[in-house]
Amino acid sequence: MVTPLGSIRKRLFIQLALVAALLSMAFFLAVRGVAERAAEGTQDDILSASATAIADSLRSEDGAVTLDLPYSSLSMLGSINEDRVFYRVVTDGQTLTGYPDLPQPDQPPRLGTPSLQTLVYRGDEIRAASVTRPVSTGIGATTVVVTVAQTRQALAATSRQITATATSVGVGFFLLATALSLWAAGSALAPITRITGSVMRRGPTDLRPFETSAPDELVPLITALNSFMARLRASLSRTEDFITEAAHRVRTPLATVRAQAEITHRKLNKPEHKHAIREMIRAIDESSRSAGQMLDHAMVTFRADSLAQDALDLRSLMDETCDRLGPTADLKDIVIRRDTGDKPIPFTGDGILLQAALQNILDNAIKYSPDDSDIIARVGLDDKITLSITDQGRGFGETDLSALTTRYTRGANVSDIVGSGLGLTIADEVAKAHGGRLEISPNKKGKGACVSLIFPRG
Amino acid sequence: MCFADISARVMVALVALTLMTSSALGFEVESRKLYQAKSERSRLKVISTADLNVFDPIIRAFQDAHSGITVDYTVTGTTDLMGALYDEGAVFDLAISSAMDLQTKLANDGFAQDHAPQIATTLPAWATWRDQLFAFTQEPAILVVSDEFFAEGTAPQNRDELIAVLRDNPDRFQGKIGTYDVRRSGFGYLMATQDSRNSDAFWRLMEVMGRLDAKLYCCSGDMIRDVASGKLALAYNVLGSYAAAQLKHTNGFQIIEMSDYVNVMSRTALIPRTAENVDDARMMLDFLLDLKARKDLVAASGLPAVDAAALRTNPSLRPVRYGPALLVFLDNLKRQSFLRNWENSLLQN
């Protein structure tokens with residue numbers, strides 16, 4: 001049995017969608033990271049420029065450091081946003097001017113390099129730039145630290161905007177990639193679907209090799225399948241050959257044995273010897289019949305693959321069959337009543353097979369009919385063609401009718417009569433090969449059974 | 001903001017005592033008036049630098065539009081207003097000041113609340129900052145000249161002409177020039193610092209004025225009075241709205257808007273962080289921002305409403321912009337050095 005492992009398409013789609021989600025997330029993080037760094041960088045640059053401008057204005061006056069706060073140092077901060085601005089200038093630990101409680105950098109910034117840090121001041125997050133500048137006071141040099149800070153509300157607004165943009169782009173990318181992966185999964189699996197379809201469309205006896213274009217990955221599978229079918233075909237054909245051969249080889253010596261038995265039967269006088277020989281003849285007949293049926297079956301199997309297209313008349317075919325089996329019926333005093341109409345029924349098909357099918361059905365009917373009964377052979381023509389044989393035999397009883405067409409399956413109530421179980425199988429296979437079917441039903445008018453071959457008209 | 005006689009102060013002090021027995025005020029109250037609503041629903045405490053007679057019609061119109069609100073109106077100076085909110089944590093629902101720089105410092109240092117005005121879309125960009133500061137007037141700093149000294153059409157039209165006129169006639173203008181004492185007047189300081197930023201001519205003008213022994217004033221009203229009476233030939237950096245109001249019932253002077261540039265100041269309203277009646281404060285603020293729609297109030301108060309169209313038609317009008325730049329001249333060292341320069345220029349004798 002095949003254990004289902006889930007759909008390849010679904011698995012492929014989920015894996016591709018996961019990859020798309022990962023890529024979208026990475027894309028989102030990258031875009032947001034870069035854009036936010038750029039936005040932060042802009043603020044840092046302006047804060048550094050402001051602090052540097054203030055540091056540049058430091059000078060000494062009367063031995064003390066003093067500052068003429070440049071107008072531009074704070075106006076440049078106001079020009080880009082409306083964030084709050086704080087500043088502080090510290091000389092040797094003393095606040096020279098500005099906000100005395102503005103936090104100083106943890107470590108004094110190195111000369112020439114502004115130090116930047118994010119702090120919390122008066123309940124708001126601020127970004128602070130500090131620069132160190134030595135100022136000569138005449139007596140000595142004093143180190144001055146200038147800190148300029150700004151709240152980050154504009155940055156937060158920018159960040160929200162960037163996040164929104166990056167999110168929508170990321171989601172759009174994900175949706176597009178998902179749609180594409182759906183398409184890709186479908187397109188990658190299309191050859192499998194096509195090949196599956198062509199395998200499934202095949203008839204049960206179609207063992208021809210596949211001649212189709214396939215992707216590289218599927219070529220070994222198709223090749224393996226073709227080689228498997230070739231082996232199967234060869235095996236089947238060998239079996240049929242064997243049966244044919246076997247049936248031939250059995251029938252010919254049996255005919256000889258039967259002829260000798262007939263002769264012996266005539267020569268014998270003692271009733272018990274005569275009875276024994278009659279039993280022997282009967283067994284020989286049965287064996288001969290089975291061998292004939294096997295031969296028929298092998299022939300049906302063989303010919304069904306390449307059905308002959310003869311122009312036939314089904315009415316005369318039925319008549320011929322009745323004529324041929326007339327003597328057998330006469331032996332049991334069975335009358336075959338023909339209801340074959342008066343017009344020919346043209347049909348295109350394999351005459352040998354159809355004759356074999358009819359012969360097997362009629363032969364069955366004679367075999368299971370009691371002595372001195374009637375068999376009706378009917379050919380009907382309405383929207384389909386029906387060839388039916390109705391007997392007054394024991395019928396099929398409780399047998400599952402659909403199983404009867406299986407090889408070597410016999411009715412449940414026939415164990416006392418010798419038979420191969422092949423007759424109805426042959427008829428069924430012939431009917432199917434011609435696009436028709438075999439119908440088995442009880443005789444509507446009294447006991448017995450009705451077996452019909454039904455073909456479409458046309 | 002500058003007229004305050006003793007009786008008014010005594011009265012105000014009495015009112016203050018009855019109204020605010022619990023909190024001692026560290027800042028100086030110039031006057032105070034309670035506009036009692038007929039059926040009081042809530043009480044709105046306003047601290048302002050605008051004189052009672054200027055704001056009276058506006059408060060009454062506001063009460064007509066929003067009944068049930070009692071307005072407690074306190075007048076103080078710009079520095080005191082700043083101190084009350086910044087250092088003393090006084091509780092007011094609305095703060096109105098002509099000192100844009102000090103209001104900016106209040107907002108920058110976190111003493112103001114956000115407000116989303118109803119007419120925000122029609123406000124010019126320069127008239128608001130951080131959704132906390134809102135300009136509701138537009139008042140140019142102008143030159144007032146006496147008719148006795150300048151016949152019509154002869155007055156200087158820009159600072160270079162003014163400097164030239166003063167230089168060429170030192171005897172005629174000796175002691176006849178008036179301007180703000182920027183050490184005492186917040187408005188004067190703001191205008192002077194903006195001047196120093198805008199033009200190099202400012203310091204030359206101060207030098208010339210210093211040589212002519214300029215008289216220093218605390219208030220626009222006094223300067224206008226002295227120019228109208230002929231005691232002064234001209235007064236520089238006078239508040240245009242006061243001059244225009246005076247001109248309605250006083251003759252003898254002209255108002256000159258300089259053609260090189262005119263600094264335009266705005267009165268700024270903000271809702272302090274400590275406000276208790278924020279809802280009414282927002283209503284009052286929206287009412288002030290819509291002043292332009294009330295021509296009657298503009299006429300009655302003499303406060304010109306924000307008029308973006310006037311700025312477009314006259315490019316020499318330069319509104320003072322809010323922002324951290326206004327903090328520069330509030331810096332102690334900067335202020336000291338500016339005042340030192342100013343004194344060196346103006347106080348030569």
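Modeller: Buried means under 20% relative accessible area, exposed means over 50%, and partly exposed is in between. Keep in mind that this is a predicted model.

Colleague: Fine. Is R32(B) buried or exposed?
Modeller: R32(B) is buried, because its relative accessibility is 5%.

Colleague: What does R32(B) form a salt bridge with?
Modeller: With D72(B). The closest N and O atoms are 2.5 Å apart. R32(B) sits in strand β1 (residues 29-35) of chain B and D72(B) in strand β3 (residues 69-76) of chain B, so the pair ties together parts 40 residues apart in sequence.

Colleague: And D72(B), buried or exposed?
Modeller: Buried, since D72(B) has 3% relative accessibility.

Colleague: How many salt bridges over all chains?
Modeller: A search of the whole structure gives 34.

Colleague: Let's switch to chain A. Where do D428(A) and K432(A) lie?
Modeller: Both are in helix α8 (residues 423-433) of chain A. They are 4 residues apart, about one turn of the helix.

Colleague: Which residues are linked in a network of salt bridges?
Modeller: D181(B), R183(B), R184(B) and E343(B).

Colleague: What does the side chain of S42(B) make a polar contact with?
Modeller: The side chain of D280(B), at 2.3 Å. S42(B) is in strand β2 (residues 42-48) of chain B. S42(B) counts as buried, because its relative accessibility is 14%.

Colleague: Last topic, the surface. Which residues gather in a patch of negative charge?
Modeller: D330(A), D333(A), D371(A) and D372(A).

Colleague: Where is D333(A)?
Modeller: In the loop between α6 (314-331) and β9 (335-339) of chain A.

Colleague: Why does D333(A) count as exposed?
Modeller: Because its relative accessible area is 53%, and the cut-off for exposed is over 50%.

How values were computed
Residues are numbered from 1 along each chain as its sequence is written. Chains are lettered from A and ligands numbered from 1 in the order in which they are written. This is a predicted model: local features need pLDDT of at least 70, side-chain atom pairs count only at pLDDT 80 or more; totals for chains, interfaces and linings use all residues. Side-chain values use heavy atoms; hydrogens and water are left out. Patches are made of residues with over 30% relative accessible area and no salt bridge: like charges are joined within 9 Å, nonpolar side chains (Val, Leu, Ile, Met, Phe, Trp, Tyr) within 5 Å. Accessible areas come from the Shrake-Rupley method with a 1.4 Å probe; for residues, only the protein chains shown count as cover. A salt bridge is a side-chain nitrogen of Lys or Arg within 4 Å of a carboxyl oxygen of Asp or Glu. Lys and Arg count as positive and Asp and Glu as negative; His and the chain ends are not counted. The place of a charge is taken as NZ of Lys, CZ of Arg, CG of Asp or CD of Glu. Helices (H or I, at least four residues) and strands (E, at least two) are DSSP runs, numbered from the N terminus. Buried means under 20% relative accessible area, exposed over 50%, partly exposed in between (1.4 Å probe, protein chains only). A polar contact is a pair of N or O atoms within 3.5 Å; within protein, one must be able to donate a hydrogen and the other to accept it, and residues adjacent in sequence count only if both atoms are side-chain atoms.
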